[in-house]
Amino acid sequence: MTDNTTYREKGHALFLAAIMVVSMVAAGAAFAGGAAATVDSADRNIQDAELAPGDTTQVTVTVTPNSTTEIDITENFDPAFADVTVVDDDGATIAEATNAGDQLAGSWGSTDQVTLTYEVQVPSNATDGQEFTISGTTTDRGDGSTADITGDSTITVSTSTDGGDGSDGSDGSNGSDGSDGAIENRDVVNGDVFVTSGNTVFQGEEGLVFGNSADETFSASQLSGTSGNREGTPLQMPIPVNEETGTYDLNGPDSGDGGFSTTVVEPRITTSEVQLADTGSDVSQVGPDSAGQLKIFAEWNFGEAEGLAITVEDPSGADITNEVLLDDTNTDGGTDVLQYGENEDNAEDASVGLDLEGEDAGEYTVIFEGNDNLDQDSVIEEYTIELTTEDELSIDVAEDSVTQGSNVDYTVSGGTDGQFRLVTIDESDFADGVSDEQAADIFRNVDDVSETGYNSADDSYAYAIVEIDGTSAVGSIESQFLDTGDATVEVYSYENEVSSLDSDDLEDDVDLEVTEGELTLDSPTDEYTIGSEVDVNGSAEAADEVRLYALNNDNWELVKVNGQTNIDVDSDDTFEVEDVALSNGDGGGNDILAFEGQYQIGVIDAADAENIELDSGDDSEINTSSWTSNDGTRATISVESGGLTAQFGTVDGQFATEDSTMTVNGTADGQSNVVVAFVGERGDVDVTEVSVDNDGTFDEEDVSVDLSQGAASGHVISLGRDGTVGDGDLPSASGGTVGTDELSTFITDLEDQSLTGNQVRDRIVSQTTEADATDDLMVSTTFRVTEASVSLDSVYPEGAQADGINPVAAGETMVVEGSTNLQPDDNSIVLNVLNQNDNSVESASVDEWGNDGQFTLTVDTSDLETGTYTLEADSGDTTDSTDIEIVEERQQTDNGTDTGDDTGDDTGDDTGDDTGDDTGDDTGDDTGADNGDDTGADNGDDTGADNGDDTGADNGSSDGGSTDGSTPGFGALVALVALIAAALLATRRNN
């Protein structure tokens, strides 16, 4: 391809590339710069910058972008805090701290401001003066820009900090400011609850005063929203339950907080449940054994504002709180208002004891709500627990009916967390022949099962010990070893296995229907060719493995599948093994299928087979009655010996020595390999083993043929059903199996014995197809080995087929027919049209032809001038050529009626000079109306062509001269006329 790019175009492309590079660098700089390209502000406020070891404080981060976008926030803590808890994530997609307490990360969807509030706890072993540093960044996911979070960044540990109990001048929530005016968050001064800057308030609160000291306070209306729907809107007091959450400060939407800010958060109870006091597991049902060992547990986010009120109602709805709550000594009178840290190690958890022992059976409701202002519906949570009059256990199965061999879950309900109970199935429900080891596997050791086994003492049963988790326990049963029909699953109040079961201790039972699993064998069925490979497949409901058997006379005998006794069943209840030669193997069934005949074939559950087989291993047999009673399948299969077909890729009965290989294909059902042998007339041989595909076909394109020139033969040999050459005895074989390898060696060795071709062939036949008791098969062919050849046989215009080399008019499509003895596909023949200088002016090629060696090519002559050309066919090994004529106009074949116009100037005189006028009707017989005298010397061009039959070259038009179809260019008649005209002109000049 010519490159027409100008220097101007190259310069333009380079300029664009430079612009792209500069843009990418600029974009990279924008991303890497970290400047708040789209963030107006990112501030951090630490509520208490000085903490005692183990104390907590809240941190508020407020990020305001200059437009609505998606925001990420990352806060890093050095060193790590003992605990980091998100208090209010402001609607984050996710906001979580690491377990190590060294980082907190959050992500928000489209927003115009984010206010993140979290709490940090200083480690209890922190030392006086130790500093904890908080650093963070915010990222605009829309354009990738980042900004550092500014503001408070350090918390200092002080062992003299007393937590605001009044000793430091603060009021310690006793209504006094300590006389120094210092106010701590949520201090009560003169009946007013103070909220200091940077702290949280909750929807629904009222009676709050904002300020950092008693001398400087702010009303709620002085604080307005900083962004979003709350932007510029004053905070209301009481705070409405639907107040917009987020930050409010003295400057509202303007930058900075004006010296005071607070964050409105939605109050939430995050955990509200009844638990077992000793385990902490939540329970929804409890019996008498554990009814007095309960506790009410809660987590909520507004503990700094107020406690959590607890109400307990009985099934009738009556308030029984004071009767059932327990104090620290587990006696009645426990608090009904929970405060942070009450009875729990975690500072933000709380619990109180609950005693329902002695109460009536029924459903009890525990109500959780704020104990002061925060009791709106959106806050209140309820938890119900059912009390039973006794520990009533029940058992149920996940499915009423299962296929034998399938697993099925069962559930024991109505227990108390941590209890152990015994689940059993009696041996009367076991399948026949189940061993003690198999019985011990009926219950599976999964889920809440702690032990399984088989008890063979007074009462024989399979069992499982389950541990109640909460109020229930789940286990699983393997139905493979259960008999078909109904099996009864029982649960007892025992906590372990017992030798004898007492019906008085039976809590509940359930029936499980076990049905037979369906088995099918889809393949092989119908017909099988000995030695061939087939796929073995089918379906097996509830079986882990199956076996394949064949029936000849009395018993079913094992068919080993590729050396394996069992076939695995997949999870979708199907099985399949590919490429299995049923007649090959050590099983008795393999021997059955190695002989022609009609037999029964089927599959059976491998576990059933192990229980009912008469012999094991390769000799495994099952009698017909046991086979039927254990649901073995059966199908009829006809076993046949395979045939042999073969085709040799000779070309027109020849093979060119220049071709080193030949294609050989055919069918050999039941064979893995066939032997292909070529024999020359001088006793030379060439032997190749060709593999047979699973479908019984073989197709080898490159079978070696290395023979001397002369008569030759090709042979394809298969070994038949027995897989043995002839009678099993070859002169060159050293014992053992005599197969295709030994046959190949035998034939190859014949070349060294100075035999003729016929003698070699006789010995091959005598050892194979004509040997005693042989079932070998052979397909043969004869051909001649010779040199490569190519010939040009016919040339004619398209649409006017004719033998021989015929002229073609310029512009017509020239058809060239030829023949060769070369192998197709591996060779190609190139056809060149050569001018007088032996230059190729047109060409074509072909590489496909049939076994007859005939090929056809077409050449477009539109660009050829009239004249004589050489047509050359070249295969690379041999060539052939012939001259062709490209004429101006081609005569049509005269079919007996010359409908053309002979008004052209035929100045010849058929009596000698043929000066007559051929205007008469040439009817095809020049003995008739041709007024010329054909007996004379026709000095025109009628010699050799005017024989009384114009079916040759008279194309029906003599306009401009009668052109003979066999003569290219100017005809002799025209040349004669030109000579006469020249003589007359010379005479005129002389005159």
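Modeller: Strands are DSSP runs of E with at least two residues, helices are runs of H or I with at least four, and both are numbered from the N terminus. Two strands count as paired if DSSP finds at least two bridges between them. This is a predicted model, where local features need pLDDT of at least 70 and side-chain atom pairs count only at pLDDT 80 or more, while totals for chains, interfaces and linings use all residues. Residues are numbered from 1 along each chain as its sequence is written, and side-chain values use heavy atoms, leaving out hydrogens and water.

Colleague: Good to know! Which element has the lowest mean pLDDT?
Modeller: pLDDT is the predictor's confidence in each residue, from 0 to 100. The protein's mean is 82, and 83% of its residues reach 70 or more. Strand β24 (residues 308-313) has the highest mean among the elements, 96, and the lowest, 37, belongs to helix α1 (residues 7-32).

Colleague: And how many contacts beyond four places in sequence does the model have for residues 1-37?
Modeller: A contact means heavy atoms within 4.5 Å. Over residues 1-37 the pLDDT stays under 50, and the count of such contacts is 13.

Colleague: Let's move to β23. Which residue of β27 stands opposite Leu294?
Modeller: Strand β23 (residues 294-300) has six of its seven residues buried, that is, under 20% relative accessible area with a 1.4 Å probe and protein chains only (exposed is over 50%, partly exposed in between). β23 pairs in the antiparallel sense with strand β21 (residues 269-276) over seven bridges, and there Leu276 stands opposite Leu294. With strand β27 (residues 349-354), β23 also pairs in the antiparallel sense, over six bridges. In β27, the residue opposite Leu294 is Leu354.

Colleague: Which strands stand at the edges of the open six-stranded sheet?
Modeller: The order is β31-β39-β38-β33-β36-β35, with mixed pairing. Each edge strand has a single partner, so one side of each is left without a neighbour in the sheet; these strands are β31 (401-403) and β35 (449-456).

Colleague: Where β31 meets β39, which residue stands opposite Val402?
Modeller: β31 and strand β39 (residues 506-515) pair in the parallel sense over three bridges.

Colleague: Last one: which side chain does Arg421 join through a polar contact?
Modeller: Arg421 lies in strand β33 (residues 420-426) and is buried, with a relative accessible area of 8%. Not counting residues up to four places away in sequence, Arg421 touches several residues, including Tyr492, Tyr494 and Glu495. A polar contact is a pair of N or O atoms within 3.5 Å; within protein, one must be able to donate a hydrogen and the other to accept it, and residues adjacent in sequence count only if both atoms are side-chain atoms. At 3.5 Å, the side chain that Arg421 joins in this way is that of Gln419.
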